[in-house]
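Hi there,

Here is the structure I promised to pass on to you. Have a look at it first, and then read my notes below.

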Amino acid sequence: MDVTHTACLGAGVIGASWAALFLAAGRSVAVYDPAADAESATRDYVQNAWPTLTELGLTEHGTPDAITFHSDPVKAVKGAGFIQESVPERLMIKHALFAQIEPALTPGAIVASSASGLTLGQMQGGWNNPAPFVLGHPFNPPHLVPLVEVMGNERTGPGVADRAAQFYDAIGKVTIRVNREVPGHVANRLQAAVWREAIHLTQSGVASIGDVDKAMWAGPGLRWAAMGPTALFSLGAGAGGMQAFCDHFKDTFNGWWDDLGQPVLDDDTIAMIVQGAADAAMGEDQADMAARRDAMITAMTKALRPYRKA
Ligand SMILES: NC(=O)c1ccc[n+]([C@@H]2O[C@H](COP(=O)([O-])OP(=O)(O)OC[C@H]3O[C@@H](n4cnc5c(N)ncnc54)[C@H](O)[C@@H]3O)[C@@H](O)[C@H]2O)c1
């Protein structure tokens, strides 16, 4: 699917980052966001993201100037082949927007929602016919972290989820398919599972917040940036592969799983995490820490690219 003109509805944390990536990939972008400073904030965001996108080799075909701003979503979607919706995570807002744009869509256009918490089924309630509508859930910031979780269901038009995935692939994203509706899709559930045990380990006195974080980035986190947990374990027991690993470690894992904690984010737990995170930051300013995170993600993305199979 060769889409040259796109639209971004909502240009906050996620929408502005999508806009930067679409521009870098050589697509023109029409933006709709009712915030008074939406145009200046989005232009600033794109300008700030551009050097990183260039460093990643993603701006070869793009220009930051191919962006227009519209005070009406109907005008913004006119002629767009791919529309990324990133408005606030409130069902009423999403439904109202879908109802407005649906009659104005170009035939064959796809609308993808960035929603993290709302499900595809809930959002389809805002459509007369949700055939052109899919979930296209990114990881923050979308211009830097490759993953997009794509989902359609029985009410989605034939081939629409495939075409959405093709569009994302064409602009350098890595897509997965979510086959069944669950809260948090896939990647956020993985994060939630790991964070639950990280909190449990600190709460039960095993290690500090800072040391649990360090155990992650200096250990499994580094491997997980290369390959997923199952692929890595298939290499963990020699020539016998996955079967040998399971034979060897099944009792160990079953025992650990029985022992994992189930903390709750109550006031005391939150206070403990806030203090632990502050201690671990050792006075580093939030903006500096975020810049350091982005620089490291960019460096890893560049370094790993030659080794990717897909
Ligand atoms: N922040 C994250 O880490 C993250 C990650 C992945 C997905 N998401 C999803 O992305 C979506 C947007 O989240 P965000 O973090 O960018 O929120 P945000 O609050 O930063 O941005 C929302 C933007 O939408 C604008 N807006 C408000 N009403 C609107 C309307 N009717 N039409 C168009 N724009 C409107 C606001 O002015 C704002 O600029 C949500 O569905 C969220 O779940 C967020």
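Helix 7 (residues 187-203) and helix 12 (residues 267-281) pack at about 90 degrees, and their axes lie 11 Å apart. Helices here are DSSP runs of H or I with at least four residues, strands are runs of E with at least two, and both are numbered from the N terminus. The axes are lines fitted to C-alpha atoms, for helices over the stretch in contact, and the angles run from 0 to 180 degrees between N-to-C directions. Helix 7 and helix 12 are therefore roughly perpendicular to each other (65 to 115 degrees; under 35 is roughly parallel, over 145 roughly antiparallel and the rest oblique). On the helix 7 side, Ile-199, Thr-202 and Gln-203 meet Thr-269, Met-272, Ile-273 and Gly-276 of helix 12; contact means that C-beta atoms, placed from the backbone, lie within 7 Å. This contact has three nonpolar, four polar and no charged residues. In that count, Ala, Val, Leu, Ile, Met, Phe, Trp, Tyr, Cys and Pro are nonpolar, Asp, Glu, Lys and Arg are charged, and the others, including Gly, are polar.

Before you go further, please note that this is a predicted model: local features need pLDDT of at least 70, side-chain atom pairs count only at pLDDT 80 or more, and totals for chains, interfaces and linings use all residues. Residues are numbered from 1 along each chain as its sequence is written.

Now the domains. The domain assignment gives domain 1 (5-177) and domain 2 (187-307), with bounds from an automatic or database assignment. Their centres, taken over C-alpha atoms, are 30 Å apart. Nine residues from domain 1 and seven residues from domain 2 make the contact. On the domain 1 side, helix 2 (38-55) and strand 7 (147-151) each supply at least two residues. That side divides into five nonpolar, two polar and two charged residues.

Next, the ligand. Which residues come nearest to the ligand? Of the 24 residues around it, they are Gly-10, Gly-12, Ile-14, Ser-116 and Asn-140 (a residue is near if its C-beta atom, placed from the backbone, lies within 6 Å). Helix 1 (13-24), helix 4 (91-101) and strand 6 (133-138) each give at least two residues to this shell, and helix 1 gives the most, with three. By class, the shell holds 13 nonpolar, nine polar and two charged residues.

Pro-141 sits in the loop between strand 6 and strand 7.

Ser-86 is 74 residues from Gly-12 in sequence, yet 7.6 Å away in space, C-alpha to C-alpha. Leaving aside neighbours within four places in sequence, the contacts of Ser-86 include Cys-8, Gly-10, Gly-12 and Trp-18.

Finally, two residues with positive phi. Most residues other than glycine have a negative phi. His-185 has phi near 55 degrees and is found in the loop between strand 8 (174-177) and helix 7. Met-282 has phi of about 45 degrees and is found in the loop between helix 12 and helix 13 (286-304). Are these residues buried or exposed? His-185 is buried, with 21 other C-beta atoms within 10 Å, whereas Met-282 is exposed, with 7.

Best wishes

Note on methods
Two residues are in contact if their C-beta atoms, placed from the backbone, lie within 7 Å. A residue is buried if 20 or more other C-beta atoms lie within 10 Å of its own, exposed if 12 or fewer, and partly exposed in between; C-beta atoms are placed from the backbone.
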